[in-house]
Each structure stands twice: as C-alpha cells, then as structure tokens.
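Work through the following exercises with the sequence and the structure in view, and try each task before reading its solution.

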Amino acid sequence: MSNVIYIIIYSILSAGGLIAIKYGSLPVQSAVSFGPKDFPITLYTLIGVALYGGSFLLYMFLISKYDLGYIVPLTTAIVYILVFSLSYKIFDEVFSVPKIIAITLILVGVIILSTQPKSTPSHSDRNPTHVSKMNRYHV
C-alpha cells in the first residue's frame, strides 16, 4: 500500500476518533451511557476510542518510516484541518478570521513540507560506521 494512503487512513481515523469522542460526550437522553455524569461513555465514545486507538497504531508505523520532523507536522496539520472542518459542520463551531488565517498558514506549511524528502533510510541502508546521536552515549 502506498505511504500516502497510510497517511490518509491515519488522518481519517484520528479525526474521526476525535469527532466521535466529542459527539459521544455531548449531553444525551439515552440510558445507554454510563460513566461519570460529566463525561458519559456512550457507543460514540467507544467507537471514537477504537478509531483513535487504530490511528495510534498506524502512527507508530508512520513514524518508523519517516523523519519525525516531517511526519509529525504533516499529520498534525492534516488532522487539525479535518477536525476544524468537521467541527464546523457537525458541532456548528465558529470560523473566525484568526482561525482561517491559521488554517491558511498550516496549508502553506504542508505544501512546503510535501516538497521535502519524506523517508528515512532503513537501518540496513545506513553506513555501518554511522553512529547515531542516541547510540554514541551507550557504553
């Protein structure tokens, strides 16, 4: 599967999980919810936790394949934009001028990031004499 598809799936799972958790925490009239009164655990909450948990597992894969300085800002930006858009549509959250400017800047940043090299060489591709910063301090 293409790495771009993994990033898309991660972003959808993460944003979907966050939206479902938020939706599940809204006041409900259903007797199906349980948990503390201030945070009822509903079917939507559980679905959100499952989606977000799945996104975490996929995120572990992504950070093993990409430079952290690339994949973390990229995925964070994509998830932020998805959550912002879905929150506006589903929860009627407010679009303000500062938020729109921030989203625009994030999009510019994603475009700049997408023009940079994306993958970290595998351990077998590295020069055997290379000593990483983390390994140089081990005795």
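**Exercise 1.** Find how many aromatic pairs the structure holds, and classify the one formed by Tyr23 and Phe91.

*Solution.* Rings of Phe, Tyr and Trp (its six-membered ring) pair if their centres lie within 6.5 Å, and planes under 30 degrees apart count as stacked, over 60 as edge-to-face and the rest as tilted. The structure, which is a predicted model, holds eight such pairs. For Tyr23 and Phe91 the centres are 6.4 Å apart with 35° between the planes, and the pair is tilted. Tyr23 belongs to helix 1 and Phe91 to helix 3, so this pair ties together parts 68 residues apart in sequence.

Residues are numbered from 1 along each chain as its sequence is written, and side-chain values use heavy atoms, without hydrogens and water.

**Exercise 2.** Classify the pair of Phe84 and Phe95, and decide whether each residue is buried or partly exposed.

*Solution.* The ring centres lie 4.5 Å apart and the planes meet at 80°, so the pair is edge-to-face. Buried means under 20% relative accessible area, exposed over 50%, and partly exposed in between (1.4 Å probe, protein chains only). Phe84, at 10%, is therefore buried, whereas Phe95, at 35%, is partly exposed. Ring pairs also link Phe84 and Phe95 with Tyr80 and Tyr88 into a cluster.

Note on methods. Predicted model: local features only at pLDDT ≥ 70, side-chain atom pairs only at ≥ 80, totals over all residues. Helix = DSSP H or I, 4+ residues; strand = E, 2+ residues; numbered from the N terminus.
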